[in-house]
Amino acid sequence: MAERRRMSYSVHREVLDEEAMDEMGQKSVSKTSLREKVKKSVRCSGHQMKSCLLGTVPILSWLPRYPIRENALGDLISGISVGIMQLPQGMAYALLASVPPVFGLYSSFYPVLIYFIFGTSKHISVGTYAVMSVMIGGVTERLAPDSKFMTWDNVTNTSIIDTVARDDERVRVAAAVTFVSGLFQILLGLVQFGFVVTYLSEPLVRGYTTGAAIHVIVSQLKYTFGVNPVRHNGPLSLIYTVLEICYLLPQSNIGTLVTSVITILGLIAAKELNAFLGKKIPVPIPVELIAIVIATVISWQFYLQQEYGVDVVGVIPSGLQPPVFPDTSVFGQVIGDGFALSVVGYGIAISLGRIFALKYGYKVDSNQELVALGLSNSIGGIFQCFTVSCSMSRTMVQESAGGKTQVAGALSAVVILFITLWIGSLFEDLPKAVLAAIIHVNLHSMMKQFLDIPALWKTNRVDMLVWVATFILTLLLNPDIGLAASIGFSLLTVIFRTQLPKYSILGQVPETDIYKPLDEYHQVRQVPGILIFRSSATLYFANAEMYQETLNSKSGFDITKLLSAKKKLEAKKQRHEKKEAKRMTDLEDFISHSNRDPSLPRAIVLDLGPVNFLDTVGVKTLRSIRRDYGEIGVEVFLAGCQSGVVDNLQTAGFFNDKVTKSCLFTTVHDAVLYCQSAIAQSQSMEYKV
């Protein structure tokens, strides 16, 4: 790049305070009242109604203009590829949700069609997702544990689990929490609450998904080893589960373990081959589909369940389930879980959607995405689906296979419909260990997120701390409580950073109107007689006291001692006017000497440029600073105030007959020039005296 040519400029103007600036710029004083805002929002014209309809149902705006010749082939290939992926992933993630595998297929059909109609992202693949599924599994196993369905078998004289009744109950619980999470998302979307995702920073999301992935892996170990650990709930349940599985390892089913190992090794080898051939073939090899087909055939031919005790998927009913409104009696028990699911699912979907929107140059409406996901989940809950979001792996396949629009997602749903109606029952002999192996291998990419830690250590250690804390909290407190704790921790880091900002004394870059911290620039010089003080954060109740204390220490005045001595002497003067007159004169001489000391300032300029709001404590602090320094003869001026800060000062009663906007200057340089002029006049008067 060519070296930038240095340019110079010269501006001649008067020194401007806020009053002069308001007059020169003709500041507007009219504000829109709340009544007018409400009136404007409910006003509806034909154009507004059309825009509202197209915004609420985006398919009406883009489908009539769908370019068949350019997009149809890519969307067709992409849709079939993603549909094939949805089959094994839907069945595998149903195990995470602790419901029969066929409900994973339902969750890959109904919500996808709803999102096709209402969604605004052209590339994300909506459907089952590991993190969401394991959160659902925590709810279903908490409200419908195995112990609740134990029955006595008179033939064997042992207690057995009524799996049919248990699975029916778990499906009802999953549908209820899915419906509730959808309602939360719709409500948040209608009140324009899409910005809630800003509280889910990238380090938080990546640390959270990594921790949730560990929960997913641990939850599948029982299928990998063929053991039956007791379900643990609440904090530290992951630790208890791992310990119990280790205790049960000697009881592992050899047939199940061999199936798991062979499947995992085969999937890893096939995925490496996919990566090697990535640029040579148009679409990836559907390794998961091939794996479940081969495993089903082997299980059927060699009677793995009957001969070796390998647990299989079991009955898969053909056709679709009729709609059933979720059990409202469960709603009260799953409100917290529903909210957590709604926030996590939305956060993952909108983050991925924005990545592809930025890449391909279109806009994703964050509030409409909330509504779209909410409708997908709430309507899906009526059709006994469990909560969905978007999957990174399927989204990457959808994009790389040539998918251009939401049509690809709709075609993937058609593939799932075909499988569900006609060929789903062929997979009844599929070992659950194979589905668990698919989950383990698919989470390999999430394990790579541990590489974020050294990267963040080099770039931003606070973000690294958020990542690590989120990961640990998610591990120890489970995904639901861990999410809330992680958001709280992340917000605390923001508070601490504003509570402990960097305070600087500014100096002037020679022959410019630019002011920089003295401790960061060697050529910057402090303006004689003027202290310019700046905080890197806003001024509010959490740091107001530190702001004032730091200013006092950097100004060179022991302001507390001076004010205390002055008050004591004034009190004594009233009682012993003649005797104490000499001591009062001594104090006045001391203060006068302090003001004349060149090492101490005669004026203070507070640079409020970084301050974006002031609360009542912040305003009181500024008022106190002006009062205290004013009593010892040091003028305090404010500079660089944003309009909102000026409004905060005015609303809080900062200005009065004695304190006007003339103490506020538009820039630091304006304040410095004014102070220099005032100091020169004062010195001239002292010289004459």
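Start with helix α7 and helix α18: select residues 110-118 and residues 407-423. The axes of the two helices come within 9 Å and cross at roughly 160 degrees, where axes are lines fitted to C-alpha atoms, for helices over the stretch in contact, and angles run from 0 to 180 degrees between N-to-C directions. α7 and α18 are therefore roughly antiparallel to each other (angles under 35 degrees count as roughly parallel, over 145 as roughly antiparallel, 65 to 115 as roughly perpendicular and the rest as oblique). The crossing of α7 and α18 is left-handed, a term for a near helix turned anticlockwise from the far one by less than a right angle, with right-handed used if the turn is clockwise. Helices (H or I, at least four residues) and strands (E, at least two) are DSSP runs, numbered from the N terminus.

This is a predicted model, in which local features need pLDDT of at least 70 and side-chain atom pairs count only at pLDDT 80 or more, while totals for chains, interfaces and linings use all residues. Residues are numbered from 1 along each chain as its sequence is written, and side-chain values use heavy atoms, with hydrogens and water left out.

Next select α10 (202-225) and α22 (461-499). Their axes come within 8 Å and cross at roughly 45 degrees, which means that α10 is oblique to α22. The crossing of α10 past α22 is right-handed. Colour the contact by residue class: the residues there divide into 12 nonpolar, 9 polar and 2 charged. In this division Ala, Val, Leu, Ile, Met, Phe, Trp, Tyr, Cys and Pro count as nonpolar, Asp, Glu, Lys and Arg as charged, and the others, Gly among them, as polar.

Move on to the loop between α10 and α11 (237-248) and select L236. Phi of L236 is near 70 degrees, a positive value in a residue other than glycine. L236 counts as partly exposed, at 36% relative accessibility (buried means under 20% relative accessible area, exposed over 50%, partly exposed in between, with a 1.4 Å probe and protein chains only).

**Salt bridges**

Side chains of opposite charge can pair when their charged atoms come close. A salt bridge here is a side-chain nitrogen of Lys or Arg within 4 Å of a carboxyl oxygen of Asp or Glu. By this rule the count comes to 13 salt bridges.

Select R142 and D337, whose closest N and O atoms are 2.9 Å apart in a salt bridge. This pair links distant parts of the chain, with R142 in helix α8 (residues 130-143) and D337 in helix α15 (residues 331-360), 195 residues apart. R142 is partly exposed at 31% relative accessibility, whereas D337 is buried at 10%.

Go next to E288 and K271, a salt bridge in which the closest N and O atoms are 3.1 Å apart. E288 belongs to helix α13 (residues 287-302) and K271 to helix α12 (residues 254-276), distant parts of the chain 17 residues apart. Which of the partners is buried? E288 is, with a relative accessible area of 6%; K271 is partly exposed, with 28%.

For a pair located in loops, select K502 and E520. The closest N and O atoms of this salt bridge are 2.3 Å apart. K502 lies in the loop between α22 and β5 (503-508), and E520 in the loop between β6 (515-517) and β7 (530-535), 18 residues apart. K502 counts as partly exposed at 40% relative accessibility, and E520 counts as partly exposed at 42%.

Then show D146, R166, D167 and R170 together: salt bridges that share partners join these residues into one network.

**Domains and last stops**

Colour the chain by domain: domain 1 is 83-144 + 159-226 + 240-315 + 332-496, and domain 2 is 503-570 + 598-684. These bounds come from an automatic or database domain assignment. The C-alpha centres of domain 1 and domain 2 lie 55 Å apart.

In the loop between β5 and β6, select E511. This residue has a positive phi of about 65 degrees although it is not a glycine. E511 counts as exposed, at 86% relative accessibility.

Finish at N552, in helix α23 (residues 544-555). N552 is buried, with a relative accessible area of 16%.
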